[in-house]
Structures are given as structure tokens and as C-alpha cells.
2 protein chains.
Amino acid sequence: MSQNKRAELVENALPLFYRNGFHATGMDLVAKETGVSKTSIYKHFRTKEELILAVLRLRDESFRNWLCRKMEEMADTPAGQLLVMFDILEQWFLEDSFRGCMFIKASAEFQDQGDAINLHAFEHKRLLEEHFRTLAEQANASNPSQLARELLLLKEGAIVLAAMSHTTAPAKQAKQVAQILMADLA
Amino acid sequence: MSQNKRAELVENALPLFYRNGFHATGMDLVAKETGVSKTSIYKHFRTKEELILAVLRLRDESFRNWLCRKMEEMADTPAGQLLVMFDILEQWFLEDSFRGCMFIKASAEFQDQGDAINLHAFEHKRLLEEHFRTLAEQANASNPSQLARELLLLKEGAIVLAAMSHTTAPAKQAKQVAQILMADLA
DNA sequence: TGATACATGTACCGATCTGTTCACCTTTTC
DNA sequence: GAAAAGGTGAACAGATCGGTACATGTATCA
């Protein structure tokens, strides 16, 4: 299998795990839906867990890329970028394929503290917080670290409630709070 | 099996599902750990899903009772109650047995929109929001519904991040934001 | 054309899944 | 004390789990 094919496998496996959950998605289904035989899958991933980790790596990279790029597109100031994030979330919640945050779900299913999947899930949140902090610094926030953590808090709460309620309202509510927190920034 | 025994079964099954997850916890393990034979379990619950629903009903009732009572114990004004909630969360995060919110995890593993488990999980959040709104009204908040939703947002974000990071810090951060949102309420 | 390398489908492994059957054993009740 | 009721372990069914073995392509290179 070429590297292309391998990437294609991970790409096609992602929505399966995202929609059905990790434990509930069997490797037979992965093989059937991706069109890659189980033999080939196990030639490149020693275990199901390794495949899941590859899927999470892809998700981490593509989600953060997507979010950061959209934020840059839709606002030109750092403070503006942090605020439009909630508009972007709202658009995400509207998509039919929206099923909540893949990393929250991963850490919910693999919650042992040392677990590689659990660690990777939290790493995703840490990287997001880091990006928020950088923007908060550029926006001259009085306490950039604190603002970044608060915005992450609002983002995670909004995602969870949007996924559970099947509505987009939590995005708007989170944005309102964010506006209060950022009132002093331009 | 007496009603007592049945309640005991549900009570003892709860931490199993909470710790190990729903799909990952087999009925053989439930029988072994609760001391109730599989035969008896299936006499009172037609399917695993029904047992899970009973567990979630117990969790919903006991968690809300526990939280509301603690809030009343630790503060005498409605606004104070809403604020100490975050201190209570922090204590919860400190417990060794803390593994995040059982309903978030349930809706993560059973995310089909019509699913009974999914519906029940969201109902838990709705009831919490209702309680928050009642308190917000009593505290003469200018927009009680909005404040209730915002506090719920902060609470869910804090729980998710505390579970993923294995720290209690999100509770304090959420409380700080809550204080800002409630600055006008005595 | 013949040898090498790799991807394939299929069948299989042992374990585990939800759920059932059944022969026993207590306990309650009349 | 016998019948009825309800609980037990253990074995089982049929399906699916993660993972492997193997024989059959099929493409590349000499």
C-alpha cells in the first residue's frame, strides 16, 4: 500500500469512528467501508489502537488547520479572530455530519490516565489553548493565559451542549460571554 | 429479586459503567461485580440498554440531589448558591473516582438523535438548567434564562476539561467567569 | 518469460459479546 | 411439610470482536 493509500485509509476510517464511536466500530466494518482489506490494514497498523491514534492525529491537524484558517479569513485583528471562532463553531454545529468533538468522545471511551489515546486527546485541547493564548497576547489582553483558558472553557461547553441538544444556540451563548470577557480589547 | 435487590443491582452497576464505559462493560462483568446472576439481571431488565437507562435514572436523581443539597448547605442566597456550585465541582474533580460527566459520556457512546439514552442524557442537562434558572430568577437576574444557560455552559466546559486534564483548575476558571456574569447580583 | 514483491479475499482463530436455557437450591407461604 | 416463587451457576446459542494464515492474483523488474 502506498503512502497515498495509507492516508486514504485513515481519512476514510475517520468518519466511521466519529459517527459510530470507537468501541462500536469493528475492524470488519472499517475494511468494508474503506475498501481496504483487513490484511492490508494490519500490515500498516499493528493494532486497532494504532489506527485510532493515526485517525486522531489526522483529526487534530485538520481540525486545527481548518479552525485557524477560518479565524484568519473572517477577522483581521487577533481579538476579532478569537470572537469569530464562535461563529465558526455555529456553522460547524449546523452541519449534518456534526457529532460533537471527536477528542472529547475519545477521552470518554478511553479514560485511563496513562492511555495514549487519552493523552492525545488532551494534547489537542492544549494546542488549541496555546493558539488562543498567542492571539490573546497579540490582542494585548491583561491576562492572556487566563483569557485563553476561559475561551477554551466556553468552546468545550458549547460543543458538548450543541451535540447533546442538537441545536446551535450554545455557540451564540458562548460568544456573548466571550464578548464580555474581551470587552476591554478594542 | 426484591425491589431492594433490584435497586442494589442498579447502584452497584453504576460505577462499572461510569469507570469502564458502556460498550466496554459486558454483562458478565456486571453480574460478577454486582453479585447478581445474569439470569436474575435479565429477569428485571429485558436488555442491556434498559439496565443502562435505569442506571442513568439513578445517576440523574442522585447527582442533582447531591448538587442541589450541597448548594443549599454552602450558601444561603440564590446568587451565592449558583456561585458555590463551582466550588462543589472542584471538590468533585478532586475525588479519585471522578471520571467526568456520566451523561456526556453516555451521549458520546449513544449519539443517534432518537436514542433513548441520548435523550435521557440531555434531559439531565435540561433539568439542571431549569434549576439554575429558578435560582437566577430568585436572585433577580436581569435575564435569568440567559444566565442559567451561560452557567450551564461553564459547568460543562469545566467538567470536560477537568476530566481530560486530570486537574481541578477548570473549576476555578469557570467560577471566575461566573463571578463576572453575576457581578450585578449582590 | 520468469522471479520477486505486494495487495487481495476468504476463511479461520480464540475470545468476548448479548441473551437464553435448564437443572438446582433457598425461602416463603399455605 | 408440600407447593410455589424466585434466585443460583453453568453451559450454551449465534453473532461479532481483534487479529492471523494462506492461497491467489497482479504489477514490477530482470
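1. Buried residues, meaning those with 20 or more other C-beta atoms within 10 Å of their own C-beta atom as placed from the backbone, make up 38% of the 186 residues in chain A of this predicted model. Because the model is predicted, local features need pLDDT of at least 70 and side-chain atom pairs count only at pLDDT 80 or more, while totals for chains, interfaces and linings use all residues. Residues are numbered from 1 along each chain as its sequence is written, and chains are lettered from A and ligands numbered from 1 in the order in which they are written.

2. Chain A has nine helices and zero strands, where helices are DSSP runs of H or I with at least four residues, strands are runs of E with at least two, and both are numbered from the N terminus. The C-alpha atoms of chain A fill a box of roughly 60 × 35 × 30 Å along the principal axes. Of the contacts in chain A with a separation of 6 or more, 56% are between residues 24 or more positions apart; two residues are in contact if their C-beta atoms, placed from the backbone, lie within 7 Å.

3. Helix 4 of chain A has 27 residues, which should span 39 Å at 1.5 Å a residue, and its end C-alpha atoms are 38 Å apart, which agrees; the expected span is 1.5 Å times one less than the number of residues. The buried residues of this helix are Leu51(A), Ile52(A), Val55(A), Leu56(A), Arg59(A) and Met71(A).

4. Just after helix 7, Asn140(A) takes a positive phi of about 60°.

5. In soluble globular proteins, nonpolar side chains tend to be buried together. Leaving aside neighbours within four places in sequence, Ala158(A) is in contact with Leu89(A), Pro170(A), Ala171(A), Ala174(A) and Leu153(B).

6. The contact between the chains takes 35 residues from chain B and 35 residues from chain A. On the side of chain B that touches chain A, helix 8 of chain B gives the most, with 13 residues. The copies meet through the same surface, because 100% of the interface residues of chain B are also interface residues in chain A.

7. A rotation of 180° with 0.0 Å of shift along its axis superposes chain B on chain A, with an RMSD of 0.0 Å, and the two copies are thus related as by a two-fold rotation axis. In chain B, the C-alpha nearest the axis is that of Gly157(B), 1.9 Å from it.

8. Around DNA strand C there are 15 residues, of which the closest are Ser37(A), Ser40(A), Gly26(B), Thr47(B) and Lys48(B); a residue is near a strand if its C-beta atom, placed from the backbone, lies within 6 Å of it. Helix 3 of chain A gives the most to the surface near DNA strand C, with four residues.

Methods
Buried ≥ 20, exposed ≤ 12 C-beta atoms within 10 Å, placed from the backbone. Least-squares fit on C-alpha atoms with pLDDT ≥ 70 in both.
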